[in-house]
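Me: I would like to go through this model term by term and ask what stands behind each label. Please set each value against its cut-off before drawing a conclusion.

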Amino acid sequence: MDRGRSRTSTIRNAQQERPGRPPVRLRYLLLLLISVGLFYATRPPDEPPGIQGSSQSSTVIQPGLQTVVPKPVVSDPVVSEFRIKRGDTFYGILKDLGVDDDSIMALASKRLDGVSLSRLVAGKTYRVISRNDEAVEYQYEPDETRIIRVTFDEDYPAVSIEAIPYTTKLVTISGTIEDSLFRAVSDIGEEPMLAMDLSEVFAWQIDFFRDLRKGDSFRVLVEKIYRDGEFVRYGRILSTQFINSGNRYMAFLFQPKNGRSDFFDEEGGSLRKQFLKTPLKFRRISSGFSRRRRHPVTGKVVPHMGVDYVAPIGTPIRAIGDGKIVMKKKDSVNGRIIKIRHNSTYSSAYAHMNSFASGMANGVRVKQGQIIGYLGRSGRVTGPHLHFTMYRNNRYVDPRAVNVPRASSVPKGDMEAYLKLIDDRMAVLANGELEAGLRTKD
Ligand SMILES: [Zn+2]
């Protein structure tokens with residue numbers, strides 16, 4: 001899933017805050033069937049000798065004996081899911097399940113595949129499978145890829161870690177815009193995350209909040225990832241086309257031999273424009289991006305959601321990319337601040353300025369590198385610096401993490417392979433149908 005971009009965004013987070021993944025009922029139905037099946041298969045011969053009744057018939061009357069053998073009590077496994085709260089411990093949980101201290105201690109010290117069994121993350125869930133009111137299994141998923149199982153049906157608990165089996169299907173999805181990309185995506189039964197992914201691919205080409213027209217359309221070849229038949233999330237977008245006001249934009253995911261995977265257009269050009277690395281010539285960074293920092297003035301531990309560049313008063317500050325000024329004001333905290341919206345994904349803000357450059361006003365378009373103001377010490381500061389902030393989908397991001405160096409276009413040596421790849425993908429997109437056997441694996 002590493003597409004070289006962080007996966008933070010308001011909408012995504014909303015998505016993630018829904019219960020982890022689609023309902024797990026189906027999974028447990030399967031598990032239940034398997035467990036019951038196994039139970040029958042491995043049931044010890046505990047019937048009184050002489051009674052060879054089939055396990056199907058629950059009551060067997062032996063001729064002559066007139067004994068009624070009670071039906072074996074096999075209650076269905078019950079799966080209970082719990083959210084791990086702050087303060088919960090592996091010891092406490094297993095103790096509650098009736099596991100003895102020695103066993104718990106032995107388990108707690110175990111590391112499987114680099115994962116310590118006793119390490120629990122608050123907010124995640126664990127599951128207990130019980131039968132006849134007795135816990136038979138504890139399950140915990142330390143990450144999205146693995147599941148830990150501790151089973152209690154033997155004399156001592158057995159533990160294993162397994163890969164969560166996901167399957168990846170490659171599908172072509174197409175839709176037409178009525179009013180928004182989100183609605184178009186939900187109208188065809190897909191999740192909002194797909195709209196998010198699409199809008200990020202074309203963040204530099206299309207402003208998805210302002211430029212969309214009724215009748216715009218898209219097609220996307222994307223991986224859909226399933227667990228036990230239920231959709232979990234989207235994987236990579238392999239190629240996509242977006243028609244906006246009659247202009248066709250295309251993107252193909254491609255990994256050059258010596259580079260990282262990225263999106264390129266039909267000619268092999270990069271879809272991403274790069275921001276300036278920094279908005280000014282600075283002497284030093286006095287404070288980096290941090291979610292926990294002691295504020296130099298107030299002394300409180302507060303997040304520092306930007307980068308502080310120290311430079312002399314009057315140093316020119318430049319827009320890191322083309323965009324539109326969406327805020328220009330002066331307040332007691334930020335001092336003189338300008339915020340620029342670069343596209344539907346990214347914005348940047350520049351605070352504590354000494355003065356604004358002439359012509360700066362709300363709604364004004366600026367070019368990359370254009371001087372928007374001069375460094376100062378306005379607002380709540382200890383000394384002259386620029387507090388520089390970047391937003392991705394309206395959430396703070398570390399500016400230095402946004403500017404990942406990337407190839408500007410497909411390298412010459414990879415061009416032949418790239419053109420071949422886009423021929424294939426164009427054909428798939430055009431047909432909307434997948435050739436048999438065209439599948440990806442994860
Ligand atoms: Zn700052």
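Predicted model: local features only at pLDDT ≥ 70, side-chain atom pairs only at ≥ 80, totals over all residues.

Me: Why are E1 and E7 said to stand at the edges of their sheet?

Reply: The sheet is open and consists of five strands in the order E1-E4-E5-E6-E7, with antiparallel pairing. E1 and strand E7 (158–163) each have a single partner strand, so one side of each is left without a neighbour in the sheet. Direction ignored, neighbouring strands of this sheet are turned by 20° against each other on average.

Me: What makes E1 and E4 count as a pair?

Reply: Pairing requires at least two bridges between two strands, and six bridges join E1 to strand E4 (residues 125–131), the two running antiparallel. One of the facing residues can be named: Ser80 has Val128 in E4 as its bridge partner.

Me: How do you know that E16 pairs with E13 and with E23?

Reply: The same cut-off of at least two bridges applies. Strand E13 (residues 284–287) and strand E16 (residues 307–310) are joined over three bridges in the antiparallel sense, with Arg284 bridged to Val310 in E16. E16 and strand E23 (residues 386–392) also pair over three bridges, again antiparallel, and here Val307 stands opposite Phe388 in E23.

Me: Why is H6 described as largely enclosed?

Reply: A residue is buried if 20 or more other C-beta atoms lie within 10 Å of its own. In helix H6 (residues 192–201), eight of the 10 residues are buried, so the helix is largely enclosed by the rest of the structure. Those buried in H6 are Leu194, Ala195, Met196, Asp197, Leu198, Ser199, Glu200 and Val201.

Me: How do you know that the length of H8 agrees with what a helix should span?

Reply: Helix H8 (residues 415–431) has 17 residues, which at 1.5 Å a residue should span 24 Å; its end C-alpha atoms are 24 Å apart, and therefore the two values agree.

Me: What makes one face of H8 the buried one?

Reply: The buried residues in H8 are Tyr418, Ile422, Arg425 and Leu429. Seen down the axis of H8, the buried residues fall within an arc of 70°, so they line one face of the helix. They pack against strand E8 (166–176), E9, E10, strand E11 (247–254) and strand E12 (262–264). The face of H8 turned away from the buried side carries the exposed residues Glu416, Lys420, Asp423, Ala427, Ala430 and Asn431.

Me: Why is Gly87 called exposed, and where is Gly87 found?

Reply: The limit for an exposed residue is 12 or fewer C-beta atoms within 10 Å; Gly87 has 7 others in that range and is therefore exposed. Gly87 is found in the loop between strand E1 (78–83) and helix H3 (90–96). From C-alpha to C-alpha, Gly87 and Ala122 are 8.2 Å apart in space, while 35 residues apart in sequence.

Me: What is noted about phi of Asp228 and Asn393, and why are they called partly exposed?

Reply: Asp228 is not a glycine, although its phi is positive at about 45°, and Asp228 lies in the loop between strand E9 (217–227) and strand E10 (230–244). With 18 other C-beta atoms within 10 Å, Asp228 is therefore partly exposed. Asn393, in the loop between E23 and strand E24 (395–397), has a positive phi near 50° and is likewise a residue other than glycine. Asn393 has 19 C-beta neighbours inside 10 Å and so counts as partly exposed.

Notes: Residues numbered from 1 in each chain as written. Helix = DSSP H or I, 4+ residues; strand = E, 2+ residues; numbered from the N terminus. Axes fitted to C-alpha atoms, helices over the stretch in contact; angles between N-to-C directions. Expected span 1.5 Å × (residues − 1). Arc of directions from axis to C-beta. Contact = placed C-beta atoms within 7 Å.
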